[in-house]
Amino acid sequence: MIKKRNIIGALVVGITGMASFAVVASIVVIMVNIIAGGMDTFSISFLTESPKEGMTEGGIYPAIIGTFLRVIIMTLVGVPIGAVTAVYLSEYASSKSKFAQMIRFAVNTLAGVPAIVFGLFGLGFFVQFVGQGMDYALEGGSGLRWAQPNLLWASLTMALLTLPVVIVSVEEAIRAVPRELREASLALGGTKWQTIRKVVIPNSFTGVLTGGILAISRGAGEVAPILFTGAAYFLPHLPASLSDQFMELGYHIYIMATQSADVEATSGIQYATTMVLLFCTFSLNFIAVVLRYKMRKKMH
Amino acid sequence: MENGQIRIQVKSLNLWYGEKQALENISLDILTNQVTALIGPSGCGKSTFLRALNRMNDLIENVRTEGEVLFEGINIYDKSVDAVELRKKVGMIFQKSNPFPKSIYENVAYGPKIYGIRDKKSLDEIVEKSLRQAALWDEVKDDLSKSGLSISGGQQQRLCIARALAVDPEVILMDEPASALDPIATSKIEELIFELKKQYTIVIVTHNMQQAARVSDYTAFFYMGELVEYDITRKIFTTPSIKHTEEYVTGRFG
Amino acid sequence: MDKKISHKPSDIAPDGFIRKILFFGIKKKNKNSLEKRFRLSEFLAEKIIAATSFVSFAFIILIFVFVFREALPIFSGYTDKQSVISDELEQETYGDIPSESSDEADRHEELHQSEEPVTIPDLLSTTWQPVSLKPKYGLVPLFMASLKVSLIAVLIAAPIAILAALFTAFFSSKWTKEILKPSIELLAGIPSVVVGFFALIVLATWIQDMFGLEYRLNAFVGGVALALSVIPIIYTISEDALSVVPKSYTEASLALGAAKWQTALFVVLPAATPGIFAAVLLGIGRAFGETMIVLMATGNAALFSLNPFEPVRTLSATIGAEMAEVIFGDTHYNVLFLIGALLFIITFALNAIAELFIRRRLMRKFGGK
């Protein structure tokens, strides 16, 4: 009896262990595959050159720059708005406030909305609605400048996509600031805003930073929302203004892997591009993990 | 009650947390430059009462207050009163020492800075004066840039006292300031209270009967949200007029 | 929170406002007054913060409004077709994977001629042919495809993720935990386009060779790839559900002489079921809306079939592949938005149900105390 029990026990441990191993193994397989496929093509000049010969040769410089610009604009817009909203939710709104409850509900809902739906919104709202309005206002409706997919609209769409991530993680960070510290400041005659500015924000800074980085990393790897809000297949020049289209790493991978004339011939470029994107998002995640670890350590 | 100048006059104060009444019809006078101790079993409302004196309860949702707390002749619950201004004059020390994760210097300078004092020399003076008043100066004067969290628990609590003194309050409320400290640190805090009452009016909540007897001039005994008895400390601990008080101070319950 | 001391706009009548600013400095020095003060920075901070929150709220609402608004015209037949054609991106044919593609080549020659309103029966037909002389907008094959791929993904991901969560919670040593948890985070951090790329280039070939399949890209490949992006969600929430089961349960069971694995399977796992169920629902929701992976790995043919080894075109992939080449305001455009709205509703419903389960679990947990 006892023997049978032990055998089943070992089996249970074995099976669950194997499932865990499968998860780890799948990551290793993906990474090894991509690095093996991309290593030969990858070089410094791959990062600094434009695509050549109908994108069958050359590098991915414009795509890197495009991704970088997109991420920067997205961050500059999304992180401050999200962080301030989080401050509102945790510091100003009472838990009974209808407005705060509505924001929370909306944020939760937004977090579950598929990325492609954000793309639709970007197209319907930014490109067609706002863009057309701007063209009408700025150029009398004759020109077509803003009412088309571009860097600005893609970045703003992405900012919205990352908004829930920012709000949730910043709010969490702010709530982790001990109540005693707020009380200390208020009992000294500090006003609410002074307390937020001098006590709450400095003490949740690491958390805010982590949230920002996680949001950036999520946004940097996401392609679906920019499919039709601004990413371009190939551009001979870098985007010169916000109303220009741009090349983008993830989109480049998608295009090269599915649309290029000779998929085999560009295989090396595809792998190497994927490797670069993977490296970028992993480094961002890694920084976020380290920061979070530090934060937790500090709190204990 | 003996004569003395009244600093805070509480008149029929009632307080509710949501539906639950936490303070019932409390009236009492707190006298200038005296130490008033609030005693009673946990949950009796003594801490709530203390926090009602500088409107710290405002920060808790669902708290409703009725009655009057007169400070300098003004009801602090009047609509025209600014709670921030009030707290500048009625400071508070908490049960758990709560220095900011900043340097010792910055901790003490926090209050003056938010009042707009920027001048380095004035700040230095305030910091030194406050730390001296809190009997901490000699221990930390060479480490002012060290983190406020790096010193011992007793020192941290005295740092919090120094921080409160730096904004030049008139009344200091202490919520079991020594409950987390060892006996030596506790006695240092008690000595300090004795010194401070020369300049400040002090209200202290304590669990520790001996501490109340040692440091206070007046003692108020709270039970189930009501003020049972309020008198000169000596009288409360020797010949209380209410039986309930006697049972509590002699340790028969609580 | 601090309602009593905050400054409501009504406190500051215009003349009072100016007066207060003018006398701001003087009042500050008047040390003996407890009178309420107007603090400009305080006032501005609160207003700006509230306004910003309103902006983010407004945008979230706008998403609902715009996605549904653009979907509605198909039912009325009203299409505000524009002279401006939105395909200056003429060169692009999204989702046009070499292994597939029959009717898509001549897509651009064809014109959208009939602009009759789309009826519900049209949408419920089994043919999706948006670009032809007589466009057909049957959503059924797309919906079936999404369902098929999501189910495959969850059927693969859920057992692996839940077992791995059990392993983490009960059997793993400290160092295996320290490998597993970051690995899961790493997996969650892989962009979906990378997973899609891996599925398209590597996984599809492996699976084709392994099973001797006719189509290299099919629902099964998409499902397997999708499982990779669903595992982290199910794992994280399941692990959370397992870890909040009260310690007293475990201890009681162990004290009765049950082995660790018996406790895990027969005591903790059942107690955590609602949470794990919620995790699976969230996983389905995620799989349903995921775009890049299915766009790249499923072959994108809108076939109506139940065979998991045939190419499919999911709802999300349809938007991704076709949106860039439709004419703004035409029926096809609106139908794609309708699909978006549908995805929105489905994922919303799944999330709401999942949340319900998580709530109930929490209530039970607190009710027990």
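Rings of Phe, Tyr and Trp, the last taken by its six-membered ring, pair if their centres lie within 6.5 Å. By this rule, the count over all chains is 36 aromatic pairs. The model is predicted.

**Aromatic rings**
- A:Phe126 and C:Phe59 form a pair with 6.1 Å from centre to centre and 35 degrees between the planes.
- This pair counts as tilted, because planes under 30 degrees apart count as stacked and those over 60 as edge-to-face, with the rest tilted.
- The pair crosses between chains: A:Phe126 belongs to helix α5 (residues 115–139) of chain A, and C:Phe59 to helix α3 (residues 40–71) of chain C.
- A:Phe126 is buried, at 4% relative accessible area, whereas C:Phe59 is partly exposed, at 23%.
- Both rings belong to one aromatic cluster, which also includes A:Phe121, A:Phe125, A:Phe129, A:Trp146, A:Trp153 and C:Phe66.

**Charges over a ring**
- The charged end of B:Arg163 sits over the ring of B:Phe100, 4.6 Å from the ring centre.
- B:Lys102 also lies over the face of B:Phe100, at 5.8 Å from the ring centre.

**Nonpolar cores**
- The largest nonpolar core has 188 residues, and A:Leu227, A:Phe228, A:Tyr254, C:Val193, C:Ile234 and C:Met323 have the most contacts inside it.
- In chain C, domain 1 (3–71) and domain 2 (140–367) each supply at least three residues to this core.
- Leaving aside neighbours within four places in sequence, C:Ile234 is in contact with residues including C:Ala157, C:Ile162, C:Val280 and C:Gly283.
- Another core, of 51 residues, lies apart from the largest one, and B:Ala109, B:Ala134, B:Val140 and B:Val167 are among its residues.

Methods. Residues numbered from 1 in each chain as written. Chains lettered and ligands numbered in written order. Predicted model: local features only at pLDDT ≥ 70, side-chain atom pairs only at ≥ 80, totals over all residues. Heavy atoms only, no water. Helix = DSSP H or I, 4+ residues; strand = E, 2+ residues; numbered from the N terminus. Buried < 20%, exposed > 50% of the residue type's maximum accessible area, 1.4 Å probe, protein only. Lys NZ or Arg CZ within 6 Å of the ring centre and 35° of its normal. Core = buried A, V, L, I, M, F, W, Y, C linked by side-chain atoms within 4.5 Å. Domains from an automatic or database assignment. Contact = heavy atoms within 4.5 Å.
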